[in-house]
Amino acid sequence: MDRTPSADVRAAALSLLDTHNATDEDTRHDLARSVRALDDPDETVRHQAAEGLAHWVVTTGVLPRDEQRLRARLTDLAANASQARTRAVADEALRALEGCGRSSS
């Protein structure tokens, strides 16, 4: 999935990852793939990655590794994405991180 030149295939594959299951043995790889996809050159892929990350944080209540880098990337996406739906899903992911951070304190 990571090597395909098709952004549609990369986005579709991200949508199929089971990032909301914290007990699945592949979750840490799926989650890392979603985080890396925030840097994809295609906005559709970045959108799908942010959506998956938001869902994972809300469902599991667990903060991903390298949370500060993730927050910075999502903040940039929320401010600079060309599509309103991508900005909205990045904001949703940031709210999920904030909620998770408050509940773990």
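A helix axis, as I use the term here, is a line fitted to the C-alpha atoms over the stretch in contact, and the angle between two axes runs from 0 to 180 degrees between N-to-C directions. With that settled, note that what you see is a predicted model.

First, the overall picture. The chain has five helices and zero strands, so its pattern along the sequence is written α-α-α-α-α. It has 105 residues, and 41% of them count as buried. The accessible surface is about 6000 Å², with 48% of that belonging to carbon and sulfur atoms. Take the contacts between residues at least 6 apart in sequence: 56% of these join residues at least 24 apart.

Now two helix pairs. Start with α1, residues 7–16, and α3, residues 43–60. Their axes come within 8 Å and cross at roughly 5 degrees. Angles under 35 degrees count as roughly parallel, which is why α1 is called roughly parallel to α3. On the α1 side, the contact uses A7, R10, A11, L14 and S15; on the α3 side, T44, V45, Q48 and A49. By class, that gives five nonpolar residues, three polar and one charged.

How does α3 lie against α4, residues 67–80? The two axes come within 12 Å and cross at roughly 130 degrees, and that angle makes α3 oblique to α4. The crossing is left-handed. Here α3 contributes R46, A50 and L53, while α4 contributes L70, R73, L74 and L77. This contact has five nonpolar residues, two charged and no polar ones.

Conventions. Residues are numbered from 1 along each chain as its sequence is written. This is a predicted model: local features need pLDDT of at least 70, side-chain atom pairs count only at pLDDT 80 or more; totals for chains, interfaces and linings use all residues. Side-chain values use heavy atoms; hydrogens and water are left out. Helices (H or I, at least four residues) and strands (E, at least two) are DSSP runs, numbered from the N terminus. Buried means under 20% relative accessible area, exposed over 50%, partly exposed in between (1.4 Å probe, protein chains only). Contact means heavy atoms within 4.5 Å. Accessible areas come from the Shrake-Rupley method with a 1.4 Å probe; for residues, only the protein chains shown count as cover. Angles under 35 degrees count as roughly parallel, over 145 as roughly antiparallel, 65 to 115 as roughly perpendicular and the rest as oblique. Ala, Val, Leu, Ile, Met, Phe, Trp, Tyr, Cys and Pro count as nonpolar, Asp, Glu, Lys and Arg as charged, and the others, Gly among them, as polar. A crossing is left-handed if the near helix is turned anticlockwise from the far one by less than a right angle, and right-handed if clockwise.
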